[in-house]
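Here is a briefing on one protein model. Please look at the sequence and the structure, then read the points below.

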Amino acid sequence: MSQAALARSVGISPSYLNLIEANKRQVGGTLLQRIAAELEITIGELTGEAEHRLIHELTEAFADPVLADVGLSADQARSLVATQPQIAQMIARLHRAYAAAAVSADAYANRLRADPLLSQLLHQVLSRITAVRSSAEILDEIKDLSSEERERFVGSISREARGLTAVAQNLIGQFDHASIASRSASVRRELDDMIFAARNYFPLLEDRAAEIAADLGERAGEAAIIGHLRERHGIAVERTANPPSGQPFAYDAERRTIWFRNTVPQSTRQFQMVRLVADLTSGGVLDTVAGAPELSSETARKLARAYLSSYAAGAVLFPYERFRSDAEALRYDVEALSERYNASFEQVAHRLVTLRREDAEGVPFGFLRSDPAGRLTKHFPLPGLLLPQTGHACPLWAIYAAFRSSGQLVRQVVRFSDGSRFLFIAKAVSRRSSGFADQALPHSILLATDILHADRTVYADGLDLRDSGADVPVGPSCRLCTRADCPSRQEAPFAPGTEATLTGSIA
């Protein structure tokens, strides 16, 4: 197909198509869909979603202190992905393995240094070895022991040896626990890979959710869900001011009871009850989807299954077609959607990032959640947006500003050093306190979308999206950012030849 023919078929001029092909114009939305349809390829092949993700992984690898002095830059990462993608994949995989090993080594070192339980166990090991050695020396050196005395020392050695075995098993178990915990970072990356490969859209779960919704009834409320659990599954629902644990809710399989603290809002109760229904009735579907090739371990598949059951619950409570139609009509106003569906801000935000069906796609959003310390606790990637895998994001992001405006939504147009621009919206939310001693810590939720899609949302109202002069210059995180003159920088950038003043370290 000639360039002119393709331009005519998608309704643009050949010169404009030439600029797009030369990477001199950004393209998105319906135009991107029309081009993909005409060429009979997926949108991902045009946008280079997989390439973006690999570039970001290499950029993160090159920023690691182990490689920082080599002088590899983000531009070289892009070049390597473009010319030698297999080598780029290999480097990214090796860096993942290295990062997992480093985390594991740190976990062991921290436990040896600071864990009083390990110190106690090691002391028990040494004490029992000393006791065994003492008894053995007596048996070896004193030849005229009576048979009764000899029996007593042999019994002592036997008891101490059994005790030593138990202590050693406990000690090994403690290290195994640390090892499993230390692998969480690599497991989360595998989950990200699965979500990214599926574009965070799982048709099998959408179909299963429609069946569950039909069983519950049209627009089923809390009473209908409680009745369904009682009649179909023999599960009782309890609300209590004195829960059996410090958790806000939990399912007791032995008692066939799901309980909630009285302070848990209705939106959370409904979501968790539907999630339980999905777990109980959709095991085969969940296991099938969790068998994705991106997941290499049982731990990763278990984590994926938990995410997928939450996905299914969201798909039940927010049916795809109706929810997308409402989102379009309300221009993706998260709070208006929360009001319409009697749902929380976070639940609606979660569902928005799953509206990725190719023939009925919503605005593509990325998702981040941060705790009050600034640590990222949950994220769903958006192609083209470099999200740090662990730790903290850029301190200038709206996700942190939202903590200073609790309950108020914060919007922000940001520009990265590569020229990419995004609309960020964020809000800090908190669960209700159950008493004076209850520490109800807030967390901040951020949705991000490419500026190309911003005008489809209510959050673009009053903004001149063509004027980049008012954009907030940001980076992914201080370590991965190349803005050497940023006054908010906390650590030096990895880019070779750049220097920065670390204002955050000056008293």
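Asp144 sits in the loop that joins helix H9 (116-141) to helix H10 (147-182). Helices (H or I, at least four residues) and strands (E, at least two) are DSSP runs, numbered from the N terminus. This is a predicted model: local features need pLDDT of at least 70, side-chain atom pairs count only at pLDDT 80 or more, and totals for chains, interfaces and linings use all residues. Residues are numbered from 1 along each chain as its sequence is written, and side-chain values use heavy atoms, with hydrogens and water left out.

**Surface patches**

- Asp144 is exposed, with a relative accessible area of 68%. Buried means under 20% relative accessible area, exposed over 50%, and partly exposed in between (1.4 Å probe, protein chains only).
- Asp144, Glu148, Glu149 and Glu151 form a patch of negative charge on the surface. Lys and Arg count as positive and Asp and Glu as negative; His and the chain ends are not counted. The place of a charge is NZ of Lys, CZ of Arg, CG of Asp or CD of Glu.
- Patches are made of residues with over 30% relative accessible area and no salt bridge; like charges are joined within 9 Å, and nonpolar side chains (Val, Leu, Ile, Met, Phe, Trp, Tyr) within 5 Å.
- Met1, Leu39, Ile41 and Leu46 make a nonpolar surface patch of about 350 Å². Accessible areas come from the Shrake-Rupley method with a 1.4 Å probe; for residues, only the protein chains shown count as cover.
- Ile41 belongs to the loop between helix H3 (29-39) and helix H4 (43-47). Ile41 is partly exposed, at 31% relative accessible area.

**Overall make-up**

- The protein has 20 helices and nine strands.
- Of its 507 residues, 43% are buried.
- The protein exposes about 26,100 Å², and carbon and sulfur atoms supply 53% of that area.
- Among contacts with a separation of 6 or more, 58% join residues 24 or more positions apart. Contact means heavy atoms within 4.5 Å.

- Helix H19 (residues 345-352) is largely enclosed by the rest of the structure, because eight of its eight residues are buried.
- The buried residues of H19 include the charged-type side chains Glu346 and Arg351. Phe345, Gln347, Val348, Ala349, His350 and Leu352 are also among the buried residues of H19.
- Thr268 lies in helix H14 (residues 266-281). Leaving aside neighbours within four places in sequence, Thr268 is in contact with Phe249, Phe260 and Gln347.
- The C-alpha atoms of Thr268 and Pro248 are 9.9 Å apart, and the two residues are 20 residues apart along the chain.

**Salt bridges**

- The whole structure holds 25 salt bridges. A salt bridge is a side-chain nitrogen of Lys or Arg within 4 Å of a carboxyl oxygen of Asp or Glu.
- Glu160 forms a salt bridge with Arg128, with the closest N and O atoms 3.2 Å apart. Glu160 lies in helix H10 and Arg128 in helix H9, so the pair ties together parts that are 32 residues apart in sequence. Glu160 is partly exposed at 21% relative accessible area, and Arg128 is partly exposed at 25%.
- Arg133 and Glu137 also meet in a salt bridge (3.1 Å, N to O). They are four residues apart in helix H9, so about one helical turn separates them. An α-helix has 3.6 residues a turn, so residues three or four places apart point the same way. Arg133 is exposed at 56%, while Glu137 is partly exposed at 34%.
- Glu222 and Arg269 form a salt bridge at 2.6 Å, N to O. This pair links distant parts of the chain, with Glu222 in helix H13 (residues 222-233) and Arg269 in helix H14, 47 residues apart. Glu222 is buried at 15% relative accessibility, and Arg269 is buried at 7%.

**Positive phi angles**

- Arg256 has a phi near 55°, a positive value in a residue other than glycine. Arg256 is in the loop between strand S2 (249-252) and strand S3 (257-261), and is partly exposed at 34% relative accessibility.
- Tyr332 has a phi near 60°, again positive in a residue other than glycine. Tyr332 is in the loop between helix H17 (320-329) and helix H18 (334-341), and is buried at 0% relative accessibility.
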